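This report is intended for a reader meeting the structure for the first time.

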Protein chains: 2
Amino acid sequence: MLVRRAIDVRQDDVEQEGAAGVKIRWLIKKDDGAPSFAMREFELEPGGHTPFHAHGWEHEVYVLAGEGVAGGEEGEFPLEPGTVVFVPPKEKHYFKNTGAAPFRFLCLVPHGAV
Amino acid sequence: MLVRRAIDVRQDDVEQEGAAGVKIRWLIKKDDGAPSFAMREFELEPGGHTPFHAHGWEHEVYVLAGEGVAGGEEGEFPLEPGTVVFVPPKEKHYFKNTGAAPFRFLCLVPHGAV
């Protein structure tokens with residue numbers, strides 16, 4: 001059994017085209033022995049956002065702190081702590097911090113996703 | 001894109017041998033179109049606990065609220081909001097609320113787990 005505090009996990013800048021003010025922690029990953037999916041925590045600074053893009057894998061998201069939106073072809077959905085988002089494979093999406101404090105959420109993906 | 005608040009998802013009692021004071025919400029499940037893994041939220045009442053058992057699939061856990069422990073063959077680990085637990089397949093484990101308030105955590109599993 002592996003037990004760790006998220007705050008103790010190294011936080012990296014996300015250097016991805018279309019991303020701004022985004023940091024990531026890999027909380028549970030393949031190297032930990034996870035057979036098929038990984039748990040990451042994203043932190044977006046005020047105004048920060050992920051790229052508006054699509055890919056072949058899904059996202060399973062749970063909002064931890066702050067205020068933001070999930071955007072897609074059909075518009076934007078408001079997010080607050082306790083909101084859950086499922087983004088199916090191949091669907092365009094982005095996440096954005098619309099508040100004044102850090103916006104944090106878990107985002108789980110199958111291995112092989114980046 | 002599916003967006004829902006956890007609080008709006010139906011909460012069921014866990015009627016499993018060895019479980020006491022445990023409720024579950026299936027936040028993202030196979031029926032939602034999730035290809036390979038599911039997101040559940042567990043809520044344990046004070047003193048509540050899951051069975052001390054093992055099974056063929058992993059758990060990826062993130063603690064949301066309250067105080068508890070994760071127990072295994074090697075003893076107990078204290079859990080608080082922001083603590084992450086990875087339980088590999090086939091490893092014996094249980095979760096217990098050791099506080100005075102509800103103890104809530106996310107627990108993600110591959111499809112086929114119960």
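## An exposed proline in chain B

Pro78(B) has 11 other C-beta atoms within 10 Å and is therefore exposed, since a residue with 12 or fewer such neighbours falls in that class. The model in which this count was made is a predicted one. Pro78(B) belongs to strand S7 of chain B, which covers residues 75-79. Between Pro78(B) and Phe52(B) there are 26 residues in sequence, and their C-alpha atoms are 16 Å apart in space.

## A buried phenylalanine in chain A

Phe86(A) lies in strand S8 of chain A. It counts as buried because it has 20 C-beta neighbours inside 10 Å, and the threshold for a buried residue is 20 or more.

The strands concerned, S8 (residues 83-87) of chain A and S1(B), run antiparallel and are joined by 4 bridges.

## The fold of chain A

Chain A contains 10 strands and 0 helices. From the N terminus on, its elements accordingly read β-β-β-β-β-β-β-β-β-β. Two strand pairings within the chain involve S10(A). Strand S4 (residues 37-49) and strand S10 (residues 103-110) of chain A are antiparallel and share 8 bridges; in this pairing, Leu44(A) has Phe103(A) of S10(A) as its bridge partner. Strand S5 (residues 59-65) of chain A is also antiparallel to S10(A), with 5 bridges between them, and Ala65(A) is found opposite Arg104(A) in S10(A).

Of the 114 residues in chain A, 33% are buried. Among contacts in chain A with a separation of 6 or more, 63% are between residues 24 or more positions apart.

## The interface between the chains

How many residues of chain B are in contact with chain A? There are 35, and they meet 35 residues of chain A. On the chain B side, the elements that give two or more residues are strands S1 (2-5), S3 (20-28), S4 (37-49), S5 (59-65), S6 (68-72), S8 (83-87) and S10 (103-110). The most is given by S8(B), with 5 residues. By type, the residues on this side comprise 23 nonpolar, 6 polar and 6 charged.

## The relation of the two copies

Chain B is superposed on chain A by a rotation of 180° with 0.0 Å of shift along its axis, at an RMSD of 0.0 Å. This is the relation of a two-fold axis. Of the interface residues of chain B, 100% are interface residues in chain A too, so the copies meet through the same surface.

Conventions: Residues are numbered from 1 along each chain as its sequence is written. Chains are lettered from A and ligands numbered from 1 in the order in which they are written. This is a predicted model: local features need pLDDT of at least 70, side-chain atom pairs count only at pLDDT 80 or more; totals for chains, interfaces and linings use all residues. Two residues are in contact if their C-beta atoms, placed from the backbone, lie within 7 Å. Ala, Val, Leu, Ile, Met, Phe, Trp, Tyr, Cys and Pro count as nonpolar, Asp, Glu, Lys and Arg as charged, and the others, Gly among them, as polar. Two strands pair if DSSP finds at least two bridges between them. Copies are superposed by least squares on the C-alpha atoms of residues with pLDDT of at least 70 in both.
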